[in-house]
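Here is a short briefing for a first look. Please keep the sequence and the 3D view side by side.

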Amino acid sequence: MMGEVVMNRSRKASILTKCKYPLIALASFAFIILGAIAVPKFLIQSKSKNNITGVTSVQDNVILDFSDTSTSTGESNDKITWYEDNETPQGEYVSNGETQSGVVDIDYSSISVRASVRLISGDAYEAVGTPQYKAFETLSNNKRLNGKLLPNWKQIQRYLLLVIKYSFGGKNMDDIVSENGGSIPDDLNDIDKWQMDEDECDWKGIVCTKQTVTQIDISGDECVGTIPPEIGYLSDIDYLDLARTGISGSIPEELYDLRYLKMLTLSKNNLAGTLSEKIGQLTNLVDLRLDYNSLSGRIPDGIGTLTEARFILLRSNKFSRNLPYTVGGLENVYYFDASMNKLRGELPRSFAKLRMLGCLYLDHNLFDGTIPKEWNSFNPYIEVMHLNDNRLTGGLPESWGLLNIMASLKVHNNRFDKQPFNPDICQNAVFDSQWELIELTSDCHFCTCKVFCDICYLNGKRVVNPDPNWQVTRTYLINSITEGN
């Protein structure tokens, strides 16, 4: 059996992109990224130079093509031939029309890493100026650490982190020093401190388990850029905190492939676009924080599959349409905040199923209709419920007078009937009983608690002491509680 290899004189191999058999190609990448001992050395290339058709080693004697289809130098390609029993690509090859012989020196590690990078990033790593290009260039110049060649999987891991760095506007230290007259500023971002002469597991904000990245926390860095799709290949991450970094753009679909995530925090950024249905794949999430962004569209049904979630913060976005009924599947959620959006329709009946729910914030939306009858049997241990600034009608459930653990209830600025709510709710006031209620806000016509109705809402405005005949004690405490509301 005979095979052919085409390579340019400089012997710098490049691998074409599209996979004819993607499962085989991805299998090779899995070996690389997990640091398998038998790392594949080549991707099989068809004669047409258009499709990758598999993975092999030199000994398999198949057609291997590491040439660029076009070269800027205009150099001619060399054709190398070897035979079935050879363990190295040794034999005849053609150079400039003349037959030569000898051993071909190929950097197997570089070829393998380059192939993996192309599978991950496509052509982006060859486009000058892209984060992928910068990351690959930096990696290519820093393959060794403490004098030792880094294994392939470590090189790939560093490449992925470097793509994140450059996608967020990070700079190399040499450039930083040059821009600052030879000195290093004191207020460097964490990602700017990532140096190639250090193990990536020692980089600021990076935590590894057995040399594999499992946590990234660069919250508070002043970044400019977007979340790169390459982040989805750091598949062992269980903690990702990019809060208050200033990043923009949409959440890439690849992020939802991080199946081990327990905490995902993207709060207080400039993220836009929609929340993908693939959010339901993150079934290990305990803490999801997407608050204070500009995410829009419908909150997907898939959110209801996050059965391990304890905290879900969607506050202050642009979510619209109905809140999905599937929220009833959040069986362990304690804190749910979807306030300050554009959610509309009726309140989901399924919230009444959530026996662990302690804090519910649905205020400042466009919810209408009456409070569902199922909410008569709401979790008796609910501590905070804010439904204010909606378009709710009807009244409050009679049973809410028994919610004696509740500390804060806000229902003002709605369209409730003129008939006041059940005065039993007032009896839960911490001032007059052993119970916990310290904050209750309501429209003035709807309020029956003198201690709380000392401050109420009339036509959307907060009013103090609407009835001078009320004898109110501890007004100073009420004022302090409601100040700024």
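This is a predicted model: local features need pLDDT of at least 70, side-chain atom pairs count only at pLDDT 80 or more; totals for chains, interfaces and linings use all residues.

Residues are numbered from 1 along each chain as its sequence is written, and side-chain values use heavy atoms, with hydrogens and water left out.

**The open sheet**

- Helices (H or I, at least four residues) and strands (E, at least two) are DSSP runs, numbered from the N terminus.
- Five strands form an open sheet in the order 17-19-21-23-25, with parallel pairing; two strands pair if DSSP finds at least two bridges between them.
- Strand 17 (296–298) and strand 25 (391–393) stand at the edges with a single partner strand each, so one side of each has no neighbour in the sheet.
- On average, neighbouring strands of this sheet are turned by 15° against each other, direction ignored; axes are lines fitted to C-alpha atoms, for helices over the stretch in contact, and angles run from 0 to 180 degrees between N-to-C directions.

**Strand pairs**

- Strand 19 (residues 318–322) runs parallel to strand 21, joined by 3 bridges. Asparagine 322 has arginine 344 of strand 21 as its bridge partner.
- Strand 21 pairs with strand 23 in the parallel sense over 2 bridges. Here glycine 345 has phenylalanine 367 of strand 23 as its bridge partner.
- Strand 23 (residues 366–370) and strand 25 run parallel, with 3 bridges. The bridge partner of glycine 369 is leucine 392 in strand 25.
- Strand 21 (residues 342–345) has Leu343 and Gly345 on a covered face. Lys342 and Arg344 are on the uncovered one.
- In a regular strand the side chains alternate between the two faces of the sheet.

**The largest nonpolar core**

- A nonpolar core is a set of buried Ala, Val, Leu, Ile, Met, Phe, Trp, Tyr and Cys residues joined through side-chain atoms within 4.5 Å.
- Buried means under 20% relative accessible area, exposed over 50%, partly exposed in between (1.4 Å probe, protein chains only).
- The largest nonpolar core has 95 residues; among those that touch the most other members are Phe336, Trp375 and Trp400.
- Helix 4 (152–167) and strand 11 (212–217) are among the elements that each supply at least two residues of this core. Helix 4 gives the largest share, 8 residues.
- Leaving aside neighbours within four places in sequence, phenylalanine 336 is in contact (heavy atoms within 4.5 Å) with residues including Ile312, Phe351 and Leu362.

**Helix 3**

- Gln132, Ala135, Phe136, Thr138 and Leu139 are buried in helix 3.
- They cover an arc of only 160° around the axis, which puts them on the same side of helix 3; the arc is that of the directions from the helix axis to the C-beta atoms.
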